[in-house]
Amino acid sequence: MADNNFDVIVIGAGPGGYVTAIRAAQLGLKTAVVEREHVGGICLNWGCIPTKALLRSAEVYRNMHHAKDYGLSCEKPSFDLDAVIQRSRGVSKQLAGGVGHLLKKNKVTVINGEAKFDGPKKIVVEGKDKGTYTAKNYIIATGARARSLPGLEADGKVVWDYKKAMTPDKMPKSLVVVGSGAIGIEFASFYHTMGADVTVVEIMPQIMPVEDKEVAGLAQKMMTKDGMKILTEAKVANLKRNSDNVVVTVETKDGKKQELTVDRVISAVGVIGNTEGLGLETTKVKVDRNVIDTDEYSATAEPGIYAIGDVAGPPMLAHKAEHEGVICIEKIAGVKGVHPLDPRKIPGCTYCHPQVASVGLTEAKAKDAGYEVKVGKFPFIGNGKAVALGEAEGLVKTVFDAKTGELLGAHMVGAEVTELIQGFVVAMGLETTEEDLMHTVFPHPTLSEMMHESVLDAYGRAIHF
């Protein structure tokens, strides 16, 4: 039993789990991580990474179609779907191998199998490394899975979940995407760019419901201008599955119905935490609607058991899970100066075309919270680098506390904004004021200059628009 006893056992080797395990080992703790399927988790194998590889192929394909705009020639652009998918899978395989190497390098024991608590002090693993394991501390990092709504269950044939949507056997000529959160709108963007006739159905008044209304509205305008169909305040009332197509009945808020016959449907109605089958009923851990209840340092109601990432609740983002895991293990190890994660300072990125990125409060939420706000905006058309790139549509928006100059939020739509947003994340982390930002020198010509101009605009000092 000596080899089966650890200081820390992490359950789940997704982004949160493997990062936490590596940090635990760095702190000198004897560490193991239990994984039932893929090292790297859903994010690396079936989520964040492979979808970005697909979207990169779509981006290059889009640019090929616009070669003439840049004085170039590209006759009859085409693609090999199998090769596009193989590239995506290859990227995931390469990075999963890298995670495995990092775990080995840091002397983290990988236990292959499915873990279940047998009381609060031990777990039983079924699978390749079957056995009973004990630890002083357990960190649950089991992630989440796609939510399934009645009538919208994926069948792998005509109604797809995210796994099938990433590995189609053929390119559909038409499809309906149900849900316009990050997952849904990214798939919609990929398939639309690759030539499919795409309709997005969203029950909320705007696409990407967590984003700033103005930014989401501009993104929708750009997508519909590009030919994508978007139905907001609408729901799927019925699905009729045929052998090679689906008849989708869409009902709008006013009760009107329309039928769409499409090749495929992608269900992207959110995710739900993986809390079942963990034996948590043998512990004091509290679970509410597939979310484990934790305090600010990820501790559950059971001493010695912690939970991080998707299974501990929103925002369900890989980088949140990683940071949360590091805070959790450093608190356990007694590292000085550890402080809780501030959810306001967690950026969100959506890699559709156009890209959308944000951090902090939206304008509406800032006002609802009682702030008097100053709002700055700067359009891509006023930026030299954006015009030179041929990406002159978009917006950078900043929200400040009018009384203190505190940056409350930043919201962007347009080319490469997922790379730009971190500048505002750092600024918020350092409690930078509007004055600090206005006095910062931004390089020219860059897209980042729009960040500067947006701040200036909030205080009536914008130069280039």
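In the predicted model, the crossing between helices H3 and H4 is right-handed. The axes of helix H3, which spans residues 48-65, and helix H4, which spans residues 81-105, come within 8 Å and cross at roughly 145°. On the side of H3 the contact is made by Ile49, Pro50, Ala53, Leu54, Arg56 and Ser57, while H4 contributes Val84, Ile85, Arg87, Ser88, Arg89, Val91, Ser92 and Leu95. Sorted by class, the residues in this contact comprise 8 nonpolar, 3 polar and 3 charged ones.

Tyr61 and Phe79 form an edge-to-face pair, with 5.2 Å from centre to centre and 80° between the planes. Tyr61 belongs to helix H3 and Phe79 to the loop between H3 and H4, so that the pair links parts of the chain 18 residues apart. With a relative accessibility of 10%, Tyr61 counts as buried, whereas Phe79, at 31%, counts as partly exposed. An edge-to-face arrangement is also found for Phe378 and Phe465, whose ring centres lie 6.1 Å apart and whose planes make an angle of 75°. Phe378 is located in strand S22 and Phe465 in the segment after H13, and the pair therefore ties together parts that are 87 residues apart in sequence. Phe378 has a relative accessibility of 2% and is classed as buried; Phe465, by contrast, reaches 67% and is classed as exposed.

Strand S22, which carries Phe378, is part of an open sheet of 5 strands with antiparallel pairing, arranged in the order S20-S21-S24-S23-S22. The edges of this sheet are formed by strand S20 (348-350) and strand S22 (373-379), each of which pairs on one side only. Neighbouring strands of the sheet are turned by 10° against each other on average, direction ignored. Within the sheet, strand S21 (residues 356-360) and strand S24 (residues 407-413) run antiparallel and are joined by 5 bridges, and Ser358 stands opposite His411 in S24. Helix H13, comprising residues 449-458, packs on the sheet, where it touches S22, strand S23 (395-401) and S24, and its direction makes about 140° with that of S22.

Another open sheet, with parallel pairing, has 5 strands in the order S8-S15-S9-S10-S11. Its edge strands, each pairing on one side only, are strand S8 (159-160) and strand S11 (229-231). Strand S10 (residues 197-201) pairs with S11 in the parallel sense over 3 bridges, and Val200 is found opposite Ile230 in S11. Helix H6, formed by residues 182-193, lies across S8, strand S9 (174-178), S10 and strand S15 (264-267), and runs at about 165° to S10.

His192 is placed in helix H6 and counts as buried, because its relative accessibility is 14% and the class of buried residues extends to values under 20%. When residues up to four places away in sequence are not counted, His192 touches Val198, Asp226, Gly227 and Met228. Finally, ring pairs link Trp160, Phe190 and Tyr191 into a cluster.

Terms used. Residues numbered from 1 in each chain as written. Predicted model: local features only at pLDDT ≥ 70, side-chain atom pairs only at ≥ 80, totals over all residues. Heavy atoms only, no water. Pairing = 2+ DSSP bridges. Helix = DSSP H or I, 4+ residues; strand = E, 2+ residues; numbered from the N terminus. Axes fitted to C-alpha atoms, helices over the stretch in contact; angles between N-to-C directions. Contact = heavy atoms within 4.5 Å. Left-handed = near helix turned anticlockwise from the far one by under 90°. Nonpolar A, V, L, I, M, F, W, Y, C, P; charged D, E, K, R; others polar. Buried < 20%, exposed > 50% of the residue type's maximum accessible area, 1.4 Å probe, protein only. Phe/Tyr/Trp six-rings, centres within 6.5 Å; stacked < 30°, edge-to-face > 60°.
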